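Here is a colleague's note for someone opening this entry for the first time. Please keep the sequence and the model side by side while reading.

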Amino acid sequence: MAFTLPPLPYDVAALEPHLTKENLELHHGKHHNAYVVNLNKFADEKKVDGAKSLEEIIMSSDGPVFNNAAQIWIHTFYWHSMKPKGGGEPTGALAEAITRDFGSFAKFKEEFTAACVSQFGSGWGWLVVDGGKLKVTKTSNADLPMKYKQTALITCDVWEHAYYPTYKNLRPKYVEVFLTNLVNWDFAAANFAKAK
Ligand code: MN3
């Protein structure tokens, strides 16, 4: 059993000025890495089958094994949910589904922002596919869509460690910048294509 920290899909300074290099060094190098170190420790202690994938561990565990495995998976997913020069609007089938299920892209943005800003304490805002329909959801701590048979398209980390180094207490500003400058609609579209 030895999980390793997946590398960032871009340079640690690539999201500046929207998320600083210091912010990503801390978030990826310290927080994300700590979940990897802890999963290896707890999986060893709990004698988790070393042949299991991260997804299999997430779906079959609870307590510290679940928490650390899910945090590894979600953080890797979060890094891919952003890209340098991200933002803008999706195109093609995903754009059509957003209009179909939210009314408009502006309505989707309103719902996603509200979910991210209103999540009390630590957690995540999500765009998911649930039974063929797009939905905005939020989860607490390490809870995640796969537990509810939903397919995740994008996520925004709203744990304080995700934005404090750049935005201090201003979570709404961070969420606005996430949607305007960072969100990776190519990643969302690829996940959407696999969900259908
Ligand atoms: Mn985080």
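**Notes on the model**

1. Gln-119 is buried, at a relative accessible area of 7%. Buried means under 20% relative accessible area, exposed means over 50%, and partly exposed is in between (1.4 Å probe, protein chains only). Gln-119 sits in the loop that joins helix H5 (105-118) to strand S1 (123-130). Helices (H or I, at least four residues) and strands (E, at least two) are DSSP runs, numbered from the N terminus. Beyond its neighbours within four places in sequence, Gln-119 is in contact with Trp-124, Lys-138, Thr-139, Ser-140, Val-158 and Arg-171. Contact means heavy atoms within 4.5 Å.

2. A word on the source. This is a predicted model, in which local features need pLDDT of at least 70 and side-chain atom pairs count only at pLDDT 80 or more, while totals for chains, interfaces and linings use all residues. Residues are numbered from 1 along each chain as its sequence is written, and side-chain values use heavy atoms, with hydrogens and water left out.

3. Now the overall fold. The protein chain has eight helices and three strands. From the N terminus on, the order is α-α-α-α-α-β-β-β-α-α-α. The radius of gyration is 16 Å, close to the 16 Å that the globule rule gives for 196 residues, so the protein chain is as compact as a globular protein of that length. That radius is taken over C-alpha atoms, and the rule is 2.2 Å times the number of residues to the power 0.38. Along the principal axes, the C-alpha atoms fill a box of roughly 50 × 40 × 30 Å.

4. Burial and contacts across the protein chain come next. Of its 196 residues, 47% count as buried. Among contacts with a separation of 6 or more, 71% are between residues 24 or more positions apart.

5. Which residues hold the manganese ion? Its protein donors are His-27 (NE2), His-75 (NE2), Asp-157 (OD) and His-161 (NE2), lying 1.9 to 2.2 Å from the ion. Donors are N, O and S atoms within 2.8 Å of the metal (3.2 Å for Na, K and Ca); water is not among the atoms, so sites may look incomplete. The spacing of the donor residues in sequence is H-x47-H-x81-D-x3-H. His-75 lies in helix H3 (residues 63-80) and Asp-157 in strand S3 (residues 151-157), so this pair ties together parts that are 82 residues apart in sequence. His-75 is buried, with a relative accessible area of 0%. Asp-157 is buried too, at 0%.

6. Helix H6 (160-167) supplies the donor His-161. The buried residues of H6 are His-161, Ala-162, Tyr-163, Pro-165 and Tyr-167. They pack against H1, H3, S3 and H7. Lys-168 follows H6 and has a positive phi, near 50 degrees.

7. Look at helix H7 (residues 171-182) as well. Its buried residues include Arg-171, Tyr-174, Val-175, Val-177, Phe-178, Leu-179 and Leu-182. H3, H5, S3 and H6 are among the elements that cover the buried residues of H7. Arg-171 is also one of the contacts of Gln-119.

8. The segment before helix H1 (21-45) holds Pro-6. Pro-6 is partly exposed, with a relative accessible area of 24%. Not counting residues up to four places away in sequence, Pro-6 touches His-28, His-32 and Thr-76. Pro-17 lies in the segment before H1, and the peptide bond from Glu-16 to Pro-17 is cis, with omega near 0 degrees.

9. Some backbone angles deserve a check. Most residues other than glycine have a negative phi, and most peptide bonds are trans. Lys-85 has a positive phi, near 60 degrees. Lys-85 is in the loop between H3 and H4. Is Lys-85 buried or exposed? Lys-85 is exposed, with a relative accessible area of 82%. Asn-141 has a positive phi, near 50 degrees. Asn-141 is in the loop between strand S2 (133-140) and S3, and counts as partly exposed at 43% relative accessibility.
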